[in-house]
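Keep the structure in view while reading.

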Amino acid sequence: MIELVVRALIKDAEGQLLLVKRAKEPEIYKWSLPGGKVELEETAEEAIKREIEEELNLEFEPKYVTHSQNISPYLHCHITYYEGKTTGMMTVKEDEIAEVRYVPYQEIQNMDDIAWDHKEIIEQYYARQAPVAPIGRAGIDYIGVTTPFYCNDGSGRFLLHKRSEQCRDEQLRWDFGGGALEFGEEVTASVLREVREEYGCEGVIQEQLPAHSVIREHEGQKTHWLAIPFFIKVDPSKVQLNEMDKMIELGWFTLDALPSPLHSGVEYTMEQYKKYFNKYREYMPIQDVL
């Protein structure tokens, strides 16, 4: 018997890979790439898009990466792997998935509970990307570049979210938002993409703050990020909590009544660039910076 299977390689902005812990046999409670079987009269591309929507409630745009085979006396399985970006609010199909998380590649290398040959496939995938994506942890193994944003309604209210326990650091702290700059991406395109990914809405750039280094210590280890921040105007009626694995709550606040505790990077930026934030305590017209 020959089975056709599809799997997805989904990375976040920091290069971490999405893995799911299986909630049923085979390979129960092991980590794997999301995906499943191709159904009758269905193409592989249609199958992986359906599987990601069914398992994670995300829309997935697949791009072929590679394929492999598992052959045993009882089964011949042909697996096709796709990479791509996702959109939507992640919710998990609990009867199939026990847990889901984005995992740094270095951690994956040390894991011994990954299903089937997925670890080998992941290693090959990252090896092919090495010339444009450093293997390691951004901000630790190499200086990371991030585009933080300060979303506001143009009338003095700012949008913040509370980070979930699944975040790499600063768990359960309030943050404005931001993400890593991707290879070949303009900083203005990066920050607007991050706004769409996190809050599910379009934004308009109001102003760019000076680029600056943010050097902190996390779990005894020094981290170094180059931050290129922006003020962004958004429509409050269009905002939604769009990354449920990383954010657990949204809120609108004035700069005089921000929630606590705040992300340490936010505290640093607000202290260093008070004159910029003071301009946004009330109505602020949009400036064309593009």
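Two strands count as paired if DSSP finds at least two bridges between them. The model described here is predicted. In it, 3 strands make up an open sheet, in the order E3-E2-E9, with antiparallel pairing. Strand E3 (31-32) and strand E9 (97-103) are the edge strands, since each of them pairs on one side only.

## Helix H3

Helix H3 takes in residues 118-129, which is 12 residues. At 1.5 Å a residue, H3 should span 16 Å; the C-alpha atoms at its ends are 17 Å apart, which agrees.

Which residues of H3 are buried? They are His118, Ile121, Ile122, Tyr125, Tyr126 and Gln129, where buried means under 20% relative accessible area. Seen down the axis of H3, the buried residues fall within an arc of 130°, so they line one face of the helix. The general rule behind such a pattern is that an α-helix has 3.6 residues a turn, so residues three or four places apart point the same way.

## Helix H5

Helix H5 runs over residues 264-272, and its buried residues are Gly265, Val266, Thr269 and Met270. Viewed down the axis of H5, these buried residues lie within an arc of 125°, so they too line one face of their helix.

## The whole protein

The protein contains 6 helices and 18 strands. Its C-alpha atoms fill a box of roughly 70 × 40 × 35 Å, taken along the principal axes. For 290 residues, a compact globule would have a radius of gyration near 19 Å; the protein has 21 Å, which agrees.

Of the 290 residues, 47% are buried. Among contacts with a separation of 6 or more, 70% are between residues 24 or more positions apart. The protein exposes about 14800 Å² of surface, and carbon and sulfur atoms supply 49% of that area.

Key. Residues are numbered from 1 along each chain as its sequence is written. This is a predicted model: local features need pLDDT of at least 70, side-chain atom pairs count only at pLDDT 80 or more; totals for chains, interfaces and linings use all residues. Side-chain values use heavy atoms; hydrogens and water are left out. Helices (H or I, at least four residues) and strands (E, at least two) are DSSP runs, numbered from the N terminus. The expected span of a helix is 1.5 Å times one less than its number of residues. Buried means under 20% relative accessible area, exposed over 50%, partly exposed in between (1.4 Å probe, protein chains only). The arc is that of the directions from the helix axis to the C-beta atoms. The radius of gyration is taken over C-alpha atoms; the globule rule is 2.2 Å times the number of residues to the power 0.38. Contact means heavy atoms within 4.5 Å. Accessible areas come from the Shrake-Rupley method with a 1.4 Å probe; for residues, only the protein chains shown count as cover.
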